[in-house]
Every structure is written in C-alpha cells, then in structure tokens.
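Hello,

Here is the structure for you to look over. My notes on what turned up follow below it.

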Amino acid sequence: RAAEHQHEQESLAIFISTMTISAASSQHRRSRGIRHGAVCFAFVASLMGMSTVGVSSQETEYNYVNWEDAPASRDEFDHDNDPSVCGVKRLTVAEWEAGRYWEKNKPVIVMNVTDGWAALEHWKKQEMIRRYPDQEATMGEARLVGETGPDEAGKRLSPTTIKEFITEHMYDPMKYFFDRKISISEGMLQDCHPFPMPTRAYLEDPLTGAIEALSKKMRVRKTIDEEIWRDHLAISIGADLQGFGFHHHREAWNAVIFGAKRWILWDHDRVKHNITRQRRMTRDWDTRALLSSPEWIRQLYPEPERMDEIRAHGHDCVQRAGELMFVPNRWLHMVVNIGDTVAVISEIGLGAGEGKKEEDFQFDPDEESSDDWSEDESEDEEESEDSEYENESEY
C-alpha cells in the first residue's frame, strides 16, 4: 500500500510539472493562465505535502519586464473586426484631418496615430518607470470608479505614483490607473507629439476663432473652455481585463500606445429618451447590478436582445496599438483591456490637471445626503420626464 501511495504521489507530481511546462510554452495558457499558475500549483502541491519553495506569486505577477510579456486574454476577447461586428470606418491620419471627423457623430478608428511619438520608446515599461517614477497617479476599482467617473470618485481613488502603481498594484484586479485631473509632467505630454487633431490645433493657436476686443485691446476667444479640445491629456494604464463599464461623456479620442482594447459602443439616440432601454441593456435584468466590463461581455452580451441591439445600433471593435478610437458626444461605451495597455485620452473641455489635493480623496460618492432620491423614486420621475441619461454613468 505504501508503494502504491508513493507511486500516486510521483504520478501527480509529474502531471503538475507537465501542466506547468505546458502553461509556459502555450500562448493560450500563457496569455490567460500564468498569472494564476503559481497559486494553482501551490494549492495542489500543498495537498500533497510538497514544497512550494521557489514559486512566488509576487514574482509571477509583477516581474513582467515588458508590457507585452504580461497575460493577455486574446482568445476570449480579441476578434478580427469583421465589418458585420465592428462596422467602424478606418481612416488614415490625413483622412481624419481632411474630413474633420471629430465634428461628426460617428465613431471612427484612425490608424498609425502614434507614428513618430517618443512615447513608443519612453513609455516602454522599464523606461517609463525610470523616467517618470514620481509622476502623480491615482488608482481605484474600475467597476466602482466607472459608476461616478474618475472626477467624482472621491474615496474610491487612492493616490499613488507611476512607479508604485506599476511595480506594486498593477495586477491587483481592484486597482486601475485612470484620472483626467492629474498634473501630467511636460515631458510626458511632449512624448505624445504631434498630438492628433483637433487637440493639436490648440497648441498651434490657443486663440483660434478669437475676435479683436477693442475694449480690452486684445484678442478674445469666443468659445468657452468647456467646448474646446485643449492640450491636456489623460493617461490610462491597466492590466488585462481592466476597463470601465458603460458610461458616456463629451467627444473624446483614445490612442493606444501599448496593448489593445475591446470596445462596445452604443448610439446615444437609442437611450437619450429611454431610461428603461438603457437599464435593460447595461444591467443584469434580475439583480439590476452593474457588472464589470469583462463580466458584461461574458454573461449579458450573449443575450439575443443585447447582441442584436449592438449589431443594429452600435459597434463591437478591437483597437490595437498605434490606433485612435474616436467616441462621439454621449455615445455609451465600455472598454476591456487585452493585455497590459497604456493609452492617452483627449476630450472636449478637458483642461490642464492641477494635481490632486487631500480633500479630493475624502468625499464618499456612495454617501447618501438629504439631496439624494432613492432609485425607485427617481425612476418614475426620470421616465415620465423623458430623462436623457442615468447620472451614475455620466462623466
């Protein structure tokens, strides 16, 4: 009996070793399984009384030298942008600028936007840590921050730095780096030149469309700041499967430098006067819960009602490194990172970040006040008044 037991232990050890080698050599397993491989190995080994010395989950998770080395759920979330699924027009930079597509109400993908950017070298993982270790950053759980938007996330965000986030928190599923109000160093902004239009136009002439104000003896721009593409960028850094759930905001472009993003975009005309349709589309019908982006795609998207709606009135696209995705005004959209992904974003009305203050992290967006209405009370009023959107998804 002792001999049989020893034989079982040896067989199981060989099986585990084989699976570990297979995970390291197979792209599919490497892209989805290595992050959890050490944990699984340690768990099974502990049942056998085997030693797990040399297997470190911290090393497995954080010691990816390059962005491209980290797990990427390509098999599950990537696709080939078939026109029947994506249907978004693809443009050259020259076509984007000549056609002034940022003034139109249709999503487009612009190719080769990052050609010539210093960020292609300076924002490689180790180089970014070396050059910008103390760059201000904030982090929080993407699903929760997405409900209020990063500007009003309060206690849902924590202060950090680029070095700290990348080396200590990036592969924690509860941590995502995205903020539009951080003070980005001039060096990082310069790394993204030439900015795409229309953001570049502000750099070339901040007083575009200005008039001569004789009383002030100076040129005065008539357009208010909230209607201008200015020269500040937001930065997004996240691991595989990170990304915000359905939300909307003003016109924006998002350029991926490293990695890829899966987008679900939905025409705002379908929901601006129909809060019931918005809720049926974006929430779980039974629990009314807002799911994370990957869970929405896994659990809710396959429902025929939702998939047919996106096919008819939206887009399901994969954006790759070097490409810009333009999101029109108020179009609802969700995003899922495929692998470690680094991107920059410009949006109408996005002014220069002034840096976070201590009080910015003290506000609790979940705290009720006398000004709040219950969802049940507000639902009838919103629907009866043909309300445009749910507040929680706007930023």
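Start with a charge over a ring. Arg280 has its charged end over the ring of Trp285, 4.5 Å from the ring's centre. Keep in mind that this is a predicted model. Look next at Lys104. Lys104 lies over the face of Tyr101, and the distance to the ring centre is 4.1 Å.

Now the aromatic rings. The structure contains seven aromatic pairs. Take Trp296 and Tyr301: their ring centres are 5.3 Å apart and their planes meet at 25°, so this pair is stacked. The cut-off for stacking is planes under 30 degrees apart. Are these two residues buried or exposed? Trp296 is buried, at 1% relative accessible area. Tyr301 is buried too, with a relative accessibility of 3%. Elsewhere, ring pairs join Trp96, Trp102 and Phe326 into a cluster.

Then the nonpolar cores. How many residues does the largest one have? The answer is 45. Trp96, Trp123, Met128, Ile237 and Val344 have the most contacts inside this core. Strand β9, residues 252-266, contributes the most to this core, with four residues.

Trp123 deserves a look of its own. Leaving out residues up to four places away in sequence, Trp123 touches a list of residues that includes Trp67, Met128, Tyr132, Met188, Asp191, Cys192 and Val344. Ile257 and Phe258 are also among the residues touched by Trp123.

There is also a second, separate core of 18 residues. Among its members are Phe77, Val271, Ile297 and Val336.

Best wishes

How values were computed:
Residues are numbered from 1 along each chain as its sequence is written. This is a predicted model: local features need pLDDT of at least 70, side-chain atom pairs count only at pLDDT 80 or more; totals for chains, interfaces and linings use all residues. Side-chain values use heavy atoms; hydrogens and water are left out. Rings of Phe, Tyr and Trp (its six-membered ring) pair if their centres lie within 6.5 Å; planes under 30 degrees apart count as stacked, over 60 as edge-to-face and the rest as tilted. Buried means under 20% relative accessible area, exposed over 50%, partly exposed in between (1.4 Å probe, protein chains only). A charge sits over a ring if NZ of Lys or CZ of Arg is within 6 Å of the ring centre and within 35 degrees of the ring normal. A nonpolar core is a set of buried Ala, Val, Leu, Ile, Met, Phe, Trp, Tyr and Cys residues joined through side-chain atoms within 4.5 Å. Helices (H or I, at least four residues) and strands (E, at least two) are DSSP runs, numbered from the N terminus. Contact means heavy atoms within 4.5 Å.
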